[in-house]
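Student: I want to learn how to read salt bridges in a model. Can you take me through some cases?
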Amino acid sequence: MQDKNGGINRRTFLKGSAALATLAVPGAAGASSKEDGVRSLEVWSCGGLAEAFIPANEAWEKQNGVPIAYTGAFAGALGKSLLGSAQTEVFAPRVLKLAKKLKEQGKMLSYRPLCFTKYVLITPKGNPAGIRSIEDLKRSGVKTMFSPDSSPPGGAAVTGLLKKSGVLNEATANAIRMGSCVQHDVADVAAGKCDASVVELRITRLPRYKDAFEIFDIPEEFFPAPPIPFTIGVMKWAKDKRVAEKFVEFICSETGQACFERAGFIPALSEEGRRLAKKYGVNDG
């Protein structure tokens, strides 16, 4: 399947509980080690992590010979299915509360910090409107773009950031586009139709937007806490827990974490990642 830009769409996006139930019926998680003759290890993650997991999975497969059956989809839908009857072997969710809930129910055996996201201010290359800080989104005549209806926590998180920084009313009044898919909507900024927007740094690392933006930091104090951390954990349905744990170790190693850094995330292995893990209480204690 190709996306509209002609690239191969390598994510698996699941829509609705019926699709989730079809993919992950009870007892369907059947992966183990190569030595045991089982074909793959089943890994689910928040869809926003797909651009990092795809190369990381490929590196794992090359090194270990155990294929990964990967699904990247809306974390809320995956989480809801796992809190119900669905099963997988390794899960990397967004929002720490979900990992904690799965652990409390005995469905996730353990979890650890994976990576962290950050929000940035972007403009088209050349920054024609002379944007320098989030305060500039309040200026008259600045054409902004936001995607408030993006899948949670995406749209709501940016709205919360704008509110916390004190620019929500003016910034949204300046909007010439209010969309529902940031990966699609941000093309208007890249094309110069809009002067500025607020997105996760990972959006600027997508291949279609390589070198398309000027990027400015936003003070961390304005970031909404829940969407910042991502975790990864072994689920109770892992057929070979040794292989599942080895995969998690690989993803959290320098090799695996480099894939997440290239995709625009802050690796948990980094000094900054360790600071954020402490700040947001990302531990399995």
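Student: Is Asp217 buried or exposed?

Tutor: This is a predicted model. Asp217 has 59% relative accessibility, so it counts as exposed, the cut-off being over 50%.

Student: Which residue does Asp217 pair with in a salt bridge?

Tutor: The general idea comes first. Side chains of opposite charge can pair when their charged atoms come close. Here Asp217 forms a salt bridge with Lys118, and the closest N and O atoms are 3.2 Å apart. The pair links distant parts of the chain, 99 residues apart. Asp217 is in strand β9 (residues 213-217), Lys118 in the loop between β4 and β5. Lys118 is partly exposed, at 23% relative accessibility.

Student: How far apart are the closest N and O atoms of Arg275 and Glu220?

Tutor: They are 2.6 Å apart, and the two residues form a salt bridge. Arg275 lies in helix α12 (residues 271-280), Glu220 in the loop between β9 and β10, so the pair ties together parts 55 residues apart in sequence. Both residues are partly exposed: Arg275 at 36%, Glu220 at 25%.

Student: Which residues are linked with Arg275 in a network of salt bridges?

Tutor: Glu220, Glu272 and Lys279 are linked with Arg275 in that network.

Student: Where do Arg112 and Glu249 lie?

Tutor: Start with the contact. Arg112 forms a salt bridge with Glu249, with 3.0 Å between the closest N and O atoms. Arg112 is in strand β4 (residues 108-116) and Glu249 in helix α10 (residues 241-251), 137 residues apart. Arg112 is partly exposed at 29%, and Glu249 is partly exposed at 48%.

Student: How many salt bridges does the count come to?

Tutor: The count comes to 12.

Key: Residues numbered from 1 in each chain as written. Predicted model: local features only at pLDDT ≥ 70, side-chain atom pairs only at ≥ 80, totals over all residues. Heavy atoms only, no water. Salt bridge = Lys/Arg side-chain N within 4 Å of Asp/Glu carboxyl O. Helix = DSSP H or I, 4+ residues; strand = E, 2+ residues; numbered from the N terminus. Buried < 20%, exposed > 50% of the residue type's maximum accessible area, 1.4 Å probe, protein only.
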